Number of protein chains: 2
Amino acid sequence: MKNKGVLIVISGFAGSGKGTITKELIKRYDNYRVSVSATTRKPRPMEENGKDYFFVSREEFERMIRENELLEYTEYVGNYYGTPKKYVEKMLNEGKDVILEIEYIGAFNAKKAFNEAVLIFVTPPSVNEVYLRLKGRNTESEEVILKRIKRGQEEAAIIDKYDYVIVNDDIETAIEDIHNTIKCSKFSSVRNGEFVAKLKNEFDEFLKNY
Amino acid sequence: MKNKGVLIVISGFAGSGKGTITKELIKRYDNYRVSVSATTRKPRPMEENGKDYFFVSREEFERMIRENELLEYTEYVGNYYGTPKKYVEKMLNEGKDVILEIEYIGAFNAKKAFNEAVLIFVTPPSVNEVYLRLKGRNTESEEVILKRIKRGQEEAAIIDKYDYVIVNDDIETAIEDIHNTIKCSKFSSVRNGEFVAKLKNEFDEFLKNY
């Protein structure tokens, strides 16, 4: 029997390194696949359709909602973001662990749809570090940085709804910590209902025939 | 800040190898300590007081219950079994991960007393394997084996209340799986409430002073 893969949600503060971690997991280990979100927002320069996002019209997105083609979706600052169900289910059935790198509303919707989903929140060791990393990018205005810190404050209030919190102090350690956490989550009894049912059945049969 | 250790409960079917796994974890890794249970049952030949169990009188055990000195206790076939609280708390405070190798009633009582406890159930891959391992010991009568299989049937019904199920097919793999699972359980958000509170506070302070 091929075991189904794990649906993994990775969220984190701006500057947490979640994007790098996801890319490295995909690069290093064959068991991971990343899900590409659909969105109605306009592509930014350098963004590729089908790689960064599936860029779709509002009409198309609403059709996907109606026809239950999305695992989760959320509306954020006037645009829809969502996870097409088909690819995720196909990969999980092939035993691949599928990573969704999404925001918390989507994360909790994914958990509702998939009780076995593993929710991981990535954070730098301190808020000062969040600030320094954003500042260090040299691409964002103080105003944008402030907006992200405010968003962080909002996110900090719901971290306890995630299954795991990974501190990204050292990126190598964080990658391996997340990889191991996903591996071990496969031992959770929630994920082993079928095996336990098999054992129960074997005990019954054994004692019947004894 | 020294992180508190994890309270680990290891249970499993007769023949699951849980005893060997516990011994190996203690031998291989410095982070583990094993808790010695107190019991009112008579010592068997070869059993050492303070090593296998603390052998105490019924009066003494009932005094420990009354004076809240036990983390969990249970009565089984006319004898009391329990975990003295003092040693466990001391070790956890020193950052050691404390293993209790106990039966399921005690396991659930430990979880009630210590919400952060990690409950692990160890099982051979099949009931036939349970039978073969018991048989292979050559020390137990068919009658005792049958009693253990019946007990196994009862245990199988409550495995889903454990956090993790580890299949001991290969003992080396099982030891490492349990070791990693304990390591990763330290990332659970339940265990990181203090760190999350620190972050929340830092966001508040940062935005106040911005």
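User: How do you know where the axes of helix H7 of chain A and helix H7 of chain B run relative to each other?

Analyst: This is a predicted model, and the values are computed from its atoms. The axes of H7(A) and H7(B), residues 171-185 in each chain, come within 9 Å and cross at roughly 115°. The crossing of H7(A) with H7(B) is left-handed.

User: Which residues of H7(A) and H7(B) meet?

Analyst: On one side stand A:Asn180, A:Thr181 and A:Cys184, and on the other B:Asn180, B:Thr181 and B:Cys184. Cys counts as nonpolar.

User: What makes up chain A?

Analyst: Chain A has eight helices and nine strands. Its C-alpha trace spans about 75 × 40 × 30 Å along the principal axes. Of its 210 residues, 49% are buried. Among contacts in chain A with a separation of 6 or more, 67% join residues 24 or more positions apart.

User: Why is B:Val6 called buried?

Analyst: Buried means under 20% relative accessible area. B:Val6 has 0% relative accessibility, so B:Val6 counts as buried. This residue lies in the segment before S1 of chain B.

User: What is B:Val6 in contact with, leaving aside its neighbours within four places in sequence?

Analyst: Its contacts include B:Leu92, B:Lys96, B:Asp97, B:Val98 and B:Val118. B:Ser185, B:Lys186 and B:Arg191 are also in contact with B:Val6. As for B:Arg63, the C-alpha atoms of B:Val6 and B:Arg63 are 28 Å apart in space, and the two are 57 residues apart in sequence.

User: Is B:Ser185 buried or exposed, and how do you know?

Analyst: The relative accessible area of B:Ser185 is 3%, and the cut-off for buried is under 20%. B:Ser185 is therefore buried. It is found in helix H7 of chain B. Leaving aside neighbours within four places in sequence, B:Ser185 is in contact with B:Val6, B:Val118 and B:Arg191.

User: What makes the buried residues of helix H3 of chain B lie on the same side?

Analyst: In H3(B), residues 85-93, the buried residues are B:Lys85, B:Val88, B:Met91 and B:Leu92. They cover an arc of only 145° around the axis, which puts them on the same side of H3(B). B:Lys86 and B:Asn93, on the other side of H3(B), are exposed. The buried residues of H3(B) are covered by parts of chain B that include strands S1, S2, S5, S6 and S7. After H3(B) comes B:Gly95, with a positive phi near 85°.

User: Why does A:Ser35 count as buried?

Analyst: A:Ser35 has 10% relative accessibility, so A:Ser35 counts as buried. A:Ser35 sits in the loop between strands S2 and S3 of chain A. Not counting residues up to four places away in sequence, A:Ser35 touches A:Thr83, A:Tyr87, A:Val88, A:Val98, A:Ile99 and A:Leu100.

User: What is the phi of A:Val77, and why is this residue called exposed?

Analyst: Most residues other than glycine have a negative phi. A:Val77 has a positive phi, near 45°. This residue lies in the loop between S5 and strand S6 of chain A. Exposed means over 50% relative accessible area. The relative accessible area of A:Val77 is 69%, so A:Val77 is exposed. Another residue other than glycine with a positive phi is A:Asn68, near 60°. A:Asn68 lies in the loop between helix H2 and strand S5 of chain A.

User: Where do H5(A) and H6(A) make their contact?

Analyst: The axes of H5(A), residues 127-136, and H6(A), residues 142-156, come within 10 Å and cross at roughly 145°. The crossing is right-handed. H5(A) contributes A:Val130, A:Tyr131, A:Leu134 and A:Lys135, and H6(A) contributes A:Glu142, A:Ile145, A:Arg148 and A:Ile149. By class, the contact has five nonpolar residues, no polar and three charged.

Methods: Residues are numbered from 1 along each chain as its sequence is written. Chains are lettered from A and ligands numbered from 1 in the order in which they are written. This is a predicted model: local features need pLDDT of at least 70, side-chain atom pairs count only at pLDDT 80 or more; totals for chains, interfaces and linings use all residues. Side-chain values use heavy atoms; hydrogens and water are left out. Buried means under 20% relative accessible area, exposed over 50%, partly exposed in between (1.4 Å probe, protein chains only). Helices (H or I, at least four residues) and strands (E, at least two) are DSSP runs, numbered from the N terminus. The arc is that of the directions from the helix axis to the C-beta atoms. Contact means heavy atoms within 4.5 Å. Axes are lines fitted to C-alpha atoms, for helices over the stretch in contact, and angles run from 0 to 180 degrees between N-to-C directions. A crossing is left-handed if the near helix is turned anticlockwise from the far one by less than a right angle, and right-handed if clockwise.
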